[in-house]
Amino acid sequence: MAAPGELRFQEFEEAAELLSATPNATTPRAGDAAVDVDPEEGKPGDDTDTTELLAGQRRPHGFWTFEYYQAFFDVDTQQVLERIKGSVTPLPGKNFVRHHLRNNPDLYGPFWICATLALALAISGNLSHLTEKRAAPAYRYSPQFHNVTIAATLVYCYAWLVPLGLWGLLRWRQSHGAGAFTFLQTVCVYGYSLSAYVPTAWLLLALAALLSASVLAITFWPLLRADGRATALAGVAAVVALHALLAVGCKLYFFQQPPSAGPAPSPPHPAPGTEGLRSRAPQLPGANGSLPSARPAR
Amino acid sequence: FTGLADVSISEDIPVEGEITVPVGSRSPDEDFSTLDEPVRDTIMRDLKAVGKKFVHVMYPKKSSALLRDWDLWGPLVLCVSLALMLQGGSADSKEDGGPQFAEVFVIIWFGAVVITLNSKLLGGTISFFQSLCVLGYCVLPLTVAMLVCRLVLLAGSGTISFIIRLIVVVAMFGWSTLASTAFLADSQPPNRKALVVYPIFLFYFVISWMILTFTPQ
C-alpha cells in the first residue's frame, strides 16, 4: 500500500483493487467514519461528499456506499464525446486506454452505449421484419417485442463477461511485467468500442465488427505482445473471433426471419445469449465462414 | 396554512417560503384537522394536486410545484392506463405480440429508476422520488398520444392513419422530452446536461416506439 501522504495516479487502482479484495478495509482518515454509512438513497448530505470527490481526492470508499459508484461517473459531456470518437477511429499510435481514459475509466459510456445498441438492434430487426413481410399479401405487422429483452441480454452479457475473461487472462499473465489494465478500463474500452455498432445497424455490420475489433486489437496488442508472438496472436484472434460471433449472432437472430412462421425465433432463445459465452475457443473457420452466406439483399 | 399549498413560485426556484413555517408543529395540527374532515375532501385535495401537476406538465414553465410536492399517484395512474391501452395488440402467435401489461409497467418504472440513478451518479442535486415523479408525470403527453392512436386506428389502419399516428406520436414524444428536460436539467452540473438528457430521450423513445407499433387485434 502506498504512503498516505503521496497522491500518485496509480494509487487509485491499487486501492480500488485492494478494497475489492478486502471489503472492510478502509483507509483510516479523518472524517471518513460518517461517510461510509450513507445508504444508497441520496440524502442532502451526499452533496458535500461528492464535491470532495470531484475535487480530485480519490478517497477509496467502500463498495456499499453511493460515492464508490459515483466515482465511475465522473465524466463530462465533452469527455464522453471524445471517447466515442476515439473508439471509432482506430489509430495504431494512440492507445485508447492511455490516451483517452487516462486513469479515469467511466461506466456511463459502456452502460448507455450497450442500451442504445440493444435498442438499435431490436428496432432494426423489427424494421427488417416489416419490410420483409410487407410483400406478402396477408400482411400483418407484429411488433415482436421480445426481441428487445433478448437483445439487451445479449449485449450486456457480451459487454461484461468478455472483458472479464480478457482481464482475467491478462492478470494471469501479469508476471511477465506487462502491466495489465484494471477490469474497469477493460470494460470501458469494450463499451466504447461497441459504439461503432450503433449507427451502422444491419447494413454495415461486418465493417463495424472489423472496425471495433481492430480498435480492440490495437489496444490490447502491447500487453499481449509481452507474452511472445504466438500467445499474442492467439489472444487477438480470440478477441476478433468473439466480435465476429457477436455480429453474426445478432444478424442471424434478428434479421433473418424465416418467412414461414412466427414462432421460429423462439427456439434459438437460449442460443444467442450463450453463444458468446460458450465459444471461448476461437472457432475461426465456422464463424468467418458463415458471414458470406448472409443474404445479399441486406 | 392551506393557502401556501397553492403558491407556485415561477422564477426563483431556491427561494421558498417555508423558512418561517415550522414543519414540526404543522403536521400534528394537520393530522387533527384532516382526521375529522369527510373522506371526499381528502380525496378531492389529492386529486386537485394531481390535476395541477398535469397542467404543469402540459404547459411546462419553470415552476417548482412538481418538484416540491412530489407524489407518485399521477405516474401510477398514467402508467396503468398506458399499459391497459397497449394491451389489445396481438399477432399471429402469442409470443410475437405486443408488450404485455407487466412488461410496460416494468419498462416504465425500471427505466425511470435507472435514469434517476444515472442523474444522481452524475452529480445531480435532485432527490430520488422527485425525479421519479417528474419522469412519471411527463408520460402524460404520450398517454394522450396513445389515446389518439387508438381512436385513429378505430377509423382504419391504412397509410394515412399511419402518417397521422406518426405525426402525433413524434409531437408528443418531443413534448414529453422537453417537459422533463425543463424540470430536470436545472439540477445538473452545466457540463453534464447532455449526459442526463440522453437517457431521458431513450426512455421516451422506447415508449413512443411501443405506442407507434401498436396494432390492434
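Reader: How many salt bridges are there over all chains?

Author: In this predicted model, the count comes to 5 salt bridges over all chains.

Reader: What makes Asp76(A) and Arg192(B) a salt bridge?

Author: The cut-off is a Lys or Arg side-chain nitrogen within 4 Å of an Asp or Glu carboxyl oxygen. Here the N to O distance is 3.1 Å, so the pair passes. This one crosses between chains. Asp76(A) sits in the loop between helix H3 (66-70) and helix H4 (77-88) of chain A, while Arg192(B) is in the loop between H8 and helix H9 (193-212) of chain B.

Reader: Which parts of chain B does the pair Lys53(B) and Asp71(B) tie together?

Author: First the pair itself: the closest N and O atoms of Lys53(B) and Asp71(B) are 2.7 Å apart, a salt bridge. Lys53(B) lies in helix H2 (residues 39-58) and Asp71(B) in the loop between helix H3 (65-68) and helix H4 (73-85), so the bridge ties together parts that are 18 residues apart in sequence. Both residues are buried. There is also a network: salt bridges that share partners join Asp74(A), Asp76(A) and Arg192(B).

Reader: What makes Phe162(B) partly exposed, and which surface patch is it part of?

Author: Its relative accessibility is 37%, between the 20% and 50% limits, so partly exposed is the label. Phe162(B) forms a nonpolar surface patch with Ile163(B), Leu166(B), Ile167(B) and Val170(B), and together they have about 440 Å² of accessible area. Phe162(B) is found in helix H8 (residues 159-184) of chain B.

Reader: Which stretches of chain B carry the "transmembrane region" annotation?

Author: According to an unreviewed UniProt entry, residues 70-89, 101-122, 134-156, 162-184 and 196-215 do. In the model, residues 162-184 are 100% helix, with end C-alpha atoms 32 Å apart. Residues 196-215 are 85% helix and 0% strand, and their end C-alpha atoms are also 32 Å apart.

Reader: And chain A, how many helices and strands does it have?

Author: Chain A has 12 helices and 0 strands. Buried residues make up 44% of its 298 residues. Of the contacts between residues at least 6 apart in sequence, 73% join residues at least 24 apart. Chain A exposes about 14600 Å², with carbon and sulfur atoms supplying 66% of that.

Reader: What is the mean pLDDT of chain A, and where does pLDDT stay under 50?

Author: The mean is 63, and 43% of the residues in chain A reach 70 or more. Over residues 30-53 of chain A the pLDDT stays under 50, although the model has 34 contacts beyond four places in sequence for them. Residues 257-298 of chain A are also below 50, with 49 contacts beyond near neighbours in sequence.

Note on methods. Residues numbered from 1 in each chain as written. Chains lettered and ligands numbered in written order. Predicted model: local features only at pLDDT ≥ 70, side-chain atom pairs only at ≥ 80, totals over all residues. Heavy atoms only, no water. Helix = DSSP H or I, 4+ residues; strand = E, 2+ residues; numbered from the N terminus. Buried < 20%, exposed > 50% of the residue type's maximum accessible area, 1.4 Å probe, protein only. Contact = heavy atoms within 4.5 Å. Areas by Shrake-Rupley, 256 points an atom, 1.4 Å probe, with all protein chains shown as cover. Patch = residues over 30% accessible without salt bridge, like charges linked within 9 Å, V, L, I, M, F, W, Y side chains within 5 Å. UniProt positions renumbered as here; feature names shortened; annotations may be inferred. pLDDT = per-residue confidence, 0-100.
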